[in-house]
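This report examines selected features of one protein chain. The sequence and structure are shown first.

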Amino acid sequence: MTRFPQSVPSSVVALPLRVAADGRLERASPAESLMRLFRAMAATRPAAWPHAPWFGLADVFAAANPQLHDQQGIADALNQALDGLGVGWARVAHVHAGPGAEYGAKDFVIALELAGGQVVHEAIHA
């Protein structure tokens, strides 16, 4: 069982950033926001953010071996990014790879474990 130094926030800023009718930034569930963030990271090259190279993970996703079901390297990179962002209430438990719906594409199912024991599974297409 993973120990978490922080509890899950009740809501976080929604990604992509959107302004609500009341002029405030729109809010979303923490798991939903992290999964959207992971999608953005999977599409971003490391050189795009020189001050935070751990954010751009397109090369990590592209280099994944399609013959392996368990993608520990991707899970480690995502957890390093969570550390870089100061997110102590979530960890990537594992990432599993599968064939993508389109030729040459890869799908990855991310298991995101939240403080309190909830696990969320969601697919990312890379």
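In which helix is the place of Asn79? Asn79 belongs to helix H3, in a model that is predicted. With a relative accessible area of 12%, Asn79 is buried, because the limit for that class is under 20%. When residues up to four places away in sequence are left aside, Asn79 touches Arg91 and Val92.

## Confidence of the model

The chain has a mean pLDDT of 88, and 95% of its residues reach 70 or more. Among the elements of the chain, helix H3 (residues 72-85) has the highest mean pLDDT, 94, whereas E1 has the lowest, 86.

## Aromatic pairs

Two aromatic pairs are found in a search of the whole structure. One of them, an aromatic pair formed by Phe61 and Phe108, is edge-to-face: the centres are 5.2 Å apart and there are 80° between the planes. Phe61 is part of helix H2 (residues 58-62) and Phe108 of strand E4 (residues 106-114), so the pair ties together parts that are 47 residues apart in sequence. Both Phe61 and Phe108 are buried.

## A nonpolar surface patch

Leu17, Val19 and Leu25 make a nonpolar surface patch of about 310 Å². Of these residues, Leu17 is found in the loop between strand E1 (12-13) and strand E2 (27-28). The relative accessibility of Leu17 is 57%, and Leu17 therefore counts as exposed, the cut-off being over 50%.

Note on methods
Residues numbered from 1 in each chain as written. Predicted model: local features only at pLDDT ≥ 70, side-chain atom pairs only at ≥ 80, totals over all residues. Heavy atoms only, no water. Patch = residues over 30% accessible without salt bridge, like charges linked within 9 Å, V, L, I, M, F, W, Y side chains within 5 Å. Areas by Shrake-Rupley, 256 points an atom, 1.4 Å probe, with all protein chains shown as cover. Salt bridge = Lys/Arg side-chain N within 4 Å of Asp/Glu carboxyl O. Helix = DSSP H or I, 4+ residues; strand = E, 2+ residues; numbered from the N terminus. Buried < 20%, exposed > 50% of the residue type's maximum accessible area, 1.4 Å probe, protein only. Phe/Tyr/Trp six-rings, centres within 6.5 Å; stacked < 30°, edge-to-face > 60°. pLDDT = per-residue confidence, 0-100. Contact = heavy atoms within 4.5 Å.
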